[in-house]
Amino acid sequence: MTIAHDLAWRDWIEEARRVSVASYCTLRGIKIRPGDAGQPCPGCGGQDRFSVNTRKNVWNCRVSGFSGDAIALAQHIDGLDFVGACEAVTGRPPPGREASETFEERREREAQLARREEERIAEEERRAHERNVFREAERRRAWGFWRRSLQLSGTPVEAYLEKRRIRPHPSSRLRFAPEMELWNETKRCIARKGPAMISAIEGVDGRFTGVHVTWIDLDAPRGKAETVDPETGMMLPAKKVRGSLKGGSIRMVSGGDEPRRWFLGEGIETVLSVYWSLIEAGSPLVEGAEFRTSVDLDNLGGKAKGRIKHPTKTFVDARGRTRAVLVRDDTLVAPQDDWRVIYVPPSVEELILLGDGDSDPFTTRLALLRGAKRFSREYPSLTIKLAMSKEGADFNDMRMRALEGEAA
């Protein structure tokens, strides 16, 4: 077998791996229900146990336990081996077998490929339209939540922030929702309904794109509500996003019409802690500065092209071997494959990215490095700096400890 033949096989397999689950479902006449809703499985025949996550490009059968990409779906449906499944999803035989085709077989295969490409393009356009319609509907629902929310004065949100030794700024895009519903993971029941801090997510040029919600329980140690999913018994996150997040941010402190410096961190408490600590220290960094949150670290750092071994985290594999955990590195994917970069106004000259050291400082720093590269690629004139909190603490922890030390 020649090197050229090996390369042809590798390219053919990579072509098969690039076929989306959604497009193969379209080819096979399998209609995908929205979200992760269960439906009859085309492989095992089980009812209400087959689902497709188009965002992650993966299918799952909860009866058989099988899941995977389009190749795995072809194997699951028709019992094909790997090569046969690759042929099924690409619509063409493996390299070398084309030579044995007759003229009529080749014409039929090429016509089938053309039909499949037309169907793939049409399906992608249809799904893109559905996603746009869904996003706009979600944005409008989120706008309704924001419009019905209240000013912060005298509300549990003020008490929650005070519990964290911070307070809102007059320009903060924060409000109070007295009866915010928290649905469980399957969205079949309301797990909590009560007070919440709600913040407005802004996209390009300040366009409203969604809300970030934090449910509050002032009796909890840090003020965040602890809610158990009544179906699974698992703890539900105290924070949720409604609407669109990627490429958006939340204003915590306005820097005026033409801010010269931006501070951008992951969480509301982090960013406000940095702002008030700088104010109390009389730092000149706050002059002409805007403070914003990216809501989550992925929205700041974006996708990674590669992986790297974690310096300390390990796991034991199926053979009993201790191996290093692989985490996302600081390399970038192509812009068209990444999420939208958070919009930074042209007046901004310096961007300071804030990273918390309370979860995993190694992966957080890698995310910040990716973020710095993304912003540099999008805004080449920006000066970008990174600021990490102490290991084992976030900026709010540091602030609370410092204030408690002063009080003692």
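Student: Helices (H or I, at least four residues) and strands (E, at least two) are DSSP runs here, numbered from the N terminus. How many helices and strands are in the protein chain?

Tutor: The protein chain has ten helices and 16 strands. This is a predicted model, where local features need pLDDT of at least 70 and side-chain atom pairs count only at pLDDT 80 or more, while totals for chains, interfaces and linings use all residues. Residues are numbered from 1 along each chain as its sequence is written, and side-chain values use heavy atoms, with hydrogens and water left out.

Student: What box do the C-alpha atoms fill?

Tutor: Roughly 85 × 50 × 45 Å, taken along the principal axes.

Student: And what share of the residues is buried?

Tutor: 42% of the 408 residues. Buried means under 20% relative accessible area, exposed over 50%, and partly exposed in between, with a 1.4 Å probe and protein chains only.

Student: How much accessible surface does the chain have?

Tutor: About 22,100 Å², by the Shrake-Rupley method with a 1.4 Å probe; for residues, only the protein chains shown count as cover. Carbon and sulfur atoms hold 51% of that surface.

Student: What about contacts in the protein chain with a separation of 6 or more?

Tutor: Contact means heavy atoms within 4.5 Å. Of those contacts, 65% join residues 24 or more positions apart.

Student: Charges next. How far apart are the mean positions of the positive and negative ones?

Tutor: 1 Å, for 67 positive and 62 negative charges. Lys and Arg count as positive and Asp and Glu as negative; His and the chain ends are not counted. The place of a charge is NZ of Lys, CZ of Arg, CG of Asp or CD of Glu.

Student: Is H7 mostly covered or mostly open?

Tutor: Mostly covered, with ten of its 13 residues buried. Among them are Glu 269, Tyr 275 and Trp 276. After H7 comes Gly 282, with a positive phi near 70°.

Student: Which residues of H4 are buried?

Tutor: In H4 (residues 82-90), Gly 84, Ala 85, Cys 86, Val 89 and Thr 90 are buried.

Student: What order do the strands E1, E2 and E3 take in their open sheet?

Tutor: The order is E1-E2-E3, with antiparallel pairing. E1 (50-53) and E3 (67-68) are the edges, each with a single partner strand, so one side of each has no neighbour in the sheet. Two strands pair if DSSP finds at least two bridges between them. E1 and E2 (residues 58-61) have four bridges. Phe 50 has Cys 61 in E2 as its bridge partner.

Student: And in what sense do E11 and E12 pair?

Tutor: Parallel, over five bridges. Gly 265 has Thr 293 in E12 as its bridge partner. On E11 (residues 261-265), five of five residues are buried. Arg 261, Phe 263 and Gly 265 take one face, Trp 262 and Leu 264 the other.

Student: Last pair. Is Asp 397 buried or exposed?

Tutor: Buried, because its relative accessibility is 12%. Asp 397 belongs to helix H10 (residues 395-407). Leaving aside neighbours within four places in sequence, it contacts Arg 222 and Asp 358.

Student: Where is Met 234?

Tutor: In the loop between E7 (227-228) and E8 (235-236). Met 234 is exposed, at 56% relative accessibility. Leaving aside neighbours within four places in sequence, it is in contact with Thr 227, Val 228 and Asp 229. Its C-alpha is 9.6 Å from that of Glu 185, 49 residues apart along the chain.
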